[in-house]
Amino acid sequence: MNKEQFLHALQQSLSKLSEEERNDILHDFKEHFDVGTSEGKTEEEIAQSLGSPGQIAKELMATYYLEKVNSSSSTSNIFKAVWAVIGLGFFNIVIVLGPFIGLVAVLVSGWASGGAFAISPVLYLLNILIEPASFSLFSLFFTIGLTGLGILLLVGMFYATRFITKLFVRYLHYNVNLVKGGMKG
Amino acid sequence: MNIQFKKGALELCVLVLLNKQDHYGYELVQRISDQIAISEGSVYPLLRRLKKEGYLTTYLQESTEGPSRKYYQLTDMGRIHMHSLMKEWHHFAAGVQSILKEGGQDE
């Protein structure tokens, strides 16, 4: 095999590469032949030492494919990252907003019923003014009892709100750390 | 000899030779093939891979006879890579050596 045949065979096996890269490779081997012949070797001897152009092409193509996998896996990494961000956003809606709404509902209903209980005698008296016939001593004492319960409930809600708020803030911090931790991976 | 094994050794040889001084392709191939029996052509795919991985750079330099030649130069990253490969190689070679010694005692 002479220089021409060697380069032609190599070129044939590298058809999948870009022209620029292929020419660069061929240039390297041309240089190798040129230096070799200038040192007194024949083209055949040089081709013999180089080995099969098919084998050389195989090794070159292996690098090419490996590179392709690497670049595509980095693209998929980007997709993974984007998906992770979207996923985390959704995760936050479910994990943070859900409990938040639940807790707010509990607190609001607690405060509302506490308040309603506390002012129930007032409401009862208003009712009597509108409909005097509905007055009963039992109901009056019952509403007074409710007032006590309502005041207790309001005091309880005050502490409960403080406690739950603190807890929720801590949960939020934990969640943010979780999100940050997830992004690191 | 196992091809992967040979390739690993070849990579180390290329890095060590370039650590000493820059070489152009032909020169580098001859330096190696003087010592080890290889298909000389396989050095070029290796050089391209090492360049893509950032371990080598190339530059063109005029030669006294004929056209300019492509020289290969080791990068800092390549030097670090060489040192870690050398460490691995010594570890590997020492392991093989001690096993060979044990086997030799029985014969």
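Helix α2(A) passes α3(B) in a right-handed crossing. In this predicted model, the axes of α2(A), which spans residues 19–38 of chain A, and of α3(B) come within 11 Å and cross at roughly 130°.

Because Asp24(A) belongs to helix α2 of chain A and Arg48(B) to helix α3 of chain B, the pair joins two chains. Asp24(A) is partly exposed, with a relative accessible area of 27%, whereas Arg48(B) counts as buried at 13% relative accessibility.

Salt bridges are also found within chain B. The side chains of Arg49(B) and Glu53(B) meet in one of them, at 3.2 Å from N to O; Arg49(B) is partly exposed at 21% relative accessibility, and Glu53(B) is likewise partly exposed, at 32%. Another salt bridge, at 3.4 Å from N to O, links the side chains of Arg79(B) and Asp76(B). These two residues are separated by about one helical turn, because they stand three residues apart in helix α4 (residues 76–106) of chain B. Arg79(B) is partly exposed, with a relative accessible area of 30%, while Asp76(B), with 60%, is exposed. Elsewhere, salt bridges that share partners join Glu21(A), Asp24(A), Asp28(A), Arg48(B), Lys52(B) and Lys70(B) into one network. Over all chains, the structure holds 10 salt bridges.

A contrasting case is Glu40(B), which lies in the loop between α2 (25–35) and α3 (43–52) of chain B. Glu40(B) is buried yet has no salt bridge, and the nearest side chain of opposite charge, that of Lys41(A), is 5.3 Å away. With residues up to four places away in sequence left out of the count, Glu40(B) touches His32(A), Ser49(A) and Leu50(A) in chain A, together with Val29(B), Gln30(B) and Ser33(B) in chain B.

Chain B as a whole has four helices and three strands, and from the N terminus on its elements run α-β-α-α-β-β-α. Of the 107 residues of chain B, 38% count as buried.

Technical notes
Residues numbered from 1 in each chain as written. Chains lettered and ligands numbered in written order. Predicted model: local features only at pLDDT ≥ 70, side-chain atom pairs only at ≥ 80, totals over all residues. Heavy atoms only, no water. Buried < 20%, exposed > 50% of the residue type's maximum accessible area, 1.4 Å probe, protein only. Lys, Arg positive; Asp, Glu negative; His and termini not counted. Salt bridge = Lys/Arg side-chain N within 4 Å of Asp/Glu carboxyl O. Contact = heavy atoms within 4.5 Å. Axes fitted to C-alpha atoms, helices over the stretch in contact; angles between N-to-C directions. Left-handed = near helix turned anticlockwise from the far one by under 90°.
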